[in-house]
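Biologist: I would like to go through this model with you. Could we begin with the terms and then turn to the packing?

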Amino acid sequence: MKAVRTGVREWIATNDRGAIVKIGDPEAPEVFSPGELLQFAGATCVGLSMDHRLTYELGDDVHVVLDVEPERMEEENRYSAIKTVFSLDLSGLSEDELVALKKKVDGAVERNCTVGRTLEASAENTYEFKDTSNSSA
């Protein structure tokens, strides 16, 4: 992955598969802030991890909307929690089926959500400078 600075507090991130994300100041239009990307990374990792279980139980066309509800600790300039609420029609499931689905989803998320495990383990975030003044690039 790579990101290129395109302006004051504005970057464009790309990956090898051709995806593009505009990243910038939380007040800027048409960009995601780094904090929003972190929240969505955690939330959508859970969503992707549970997708197979949901479609198996509820069908390939199950409509799901997720809302991210961060808890921010202003004095430490960080999030203390990132809660994701998945809204979907569960009316076709009995109480027992719902409990079983939740258990299966929990297992799938535990096995497959790398972002969630990384956040729980508090991954180190490092950086370095690379001088490009002598390169022919």
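Predicted model: local features only at pLDDT ≥ 70, side-chain atom pairs only at ≥ 80, totals over all residues.

Biologist: Which residues in H2 are buried?

Modeller: Leu101, Val105, Ala108 and Val109 are the buried ones in H2. They lie on the same side of H2, because they cover an arc of only 95° around the axis. An α-helix has 3.6 residues a turn, so residues three or four places apart point the same way.

Biologist: And which exposed residues are carried by the face turned away from the buried side of H2?

Modeller: That face of H2 carries the exposed residues Glu95, Asp96, Val99, Lys103, Glu110 and Arg111.

Biologist: What span should H2 have, and how far apart are its end C-alpha atoms?

Modeller: At 1.5 Å a residue, the 18 residues of H2 should span 26 Å. The end C-alpha atoms of H2 are 26 Å apart, which agrees. The expected span is 1.5 Å times one less than the number of residues.

Biologist: Moving on to the core: which residues make up the largest nonpolar one?

Modeller: The largest nonpolar core has eight residues, namely Cys45, Met50, Leu54, Leu93, Leu101, Val105, Val109 and Cys113. Helix H1 (34–58) and helix H2 (95–112) each supply at least two residues of this core. In soluble globular proteins, nonpolar side chains tend to be buried together.

Biologist: What is valine 109 in contact with, leaving aside neighbours within four places in sequence?

Modeller: Valine 109 is in contact with Val46, Ser49, Met50 and Arg117, once those neighbours are set aside.

Biologist: And valine 115, where does that one lie?

Modeller: Valine 115 lies in helix H3. With a relative accessible area of 27%, valine 115 is partly exposed, since that category runs between 20% and 50%. Not counting residues up to four places away in sequence, valine 115 touches Ala41, Gly42 and Cys45.

Biologist: How far apart are valine 115 and alanine 41, in sequence and in space?

Modeller: They are 74 residues apart in sequence and 6.7 Å apart in space, C-alpha to C-alpha.

Biologist: Back on H1, is threonine 55 buried or exposed?

Modeller: Threonine 55, which lies in helix H1, has a relative accessible area of 18% and is therefore buried, the limit being under 20%. Apart from residues up to four places away in sequence, threonine 55 touches Asp60 and Val62.

Biologist: A change of topic: how many aromatic pairs are there?

Modeller: The count comes to two aromatic pairs. Phenylalanine 32 and phenylalanine 40 form an edge-to-face pair, at 6.0 Å centre to centre and with 85° between the planes. Tyrosine 127 and phenylalanine 129 also form an edge-to-face pair, at 6.1 Å centre to centre and with 75° between the planes.

Biologist: Which residue lies over the face of tyrosine 79?

Modeller: Arginine 72 lies over the face of tyrosine 79, at 5.5 Å from the ring centre.

Biologist: What does serine 80 touch?

Modeller: Serine 80 is found in strand S5, residues 78–87. Serine 80 touches Glu71 and Met73, residues up to four places away in sequence not being counted. At 39% relative accessibility, serine 80 counts as partly exposed.

Biologist: Finally, the backbone: what is the phi of arginine 9, and what is that of asparagine 77?

Modeller: Arginine 9 has a positive phi of about 55° although it is not a glycine. The place of arginine 9 is in the loop between strand S1 (2–7) and strand S2 (10–14), and arginine 9 counts as exposed at 54% relative accessibility. Asparagine 77, likewise not a glycine, has a positive phi of about 50°. Asparagine 77 lies in the loop between strand S4 (65–73) and S5, and is exposed, with a relative accessible area of 57%.

Terms used:
Residues numbered from 1 in each chain as written. Heavy atoms only, no water. Core = buried A, V, L, I, M, F, W, Y, C linked by side-chain atoms within 4.5 Å. Buried < 20%, exposed > 50% of the residue type's maximum accessible area, 1.4 Å probe, protein only. Helix = DSSP H or I, 4+ residues; strand = E, 2+ residues; numbered from the N terminus. Contact = heavy atoms within 4.5 Å. Phe/Tyr/Trp six-rings, centres within 6.5 Å; stacked < 30°, edge-to-face > 60°. Lys NZ or Arg CZ within 6 Å of the ring centre and 35° of its normal. Arc of directions from axis to C-beta.
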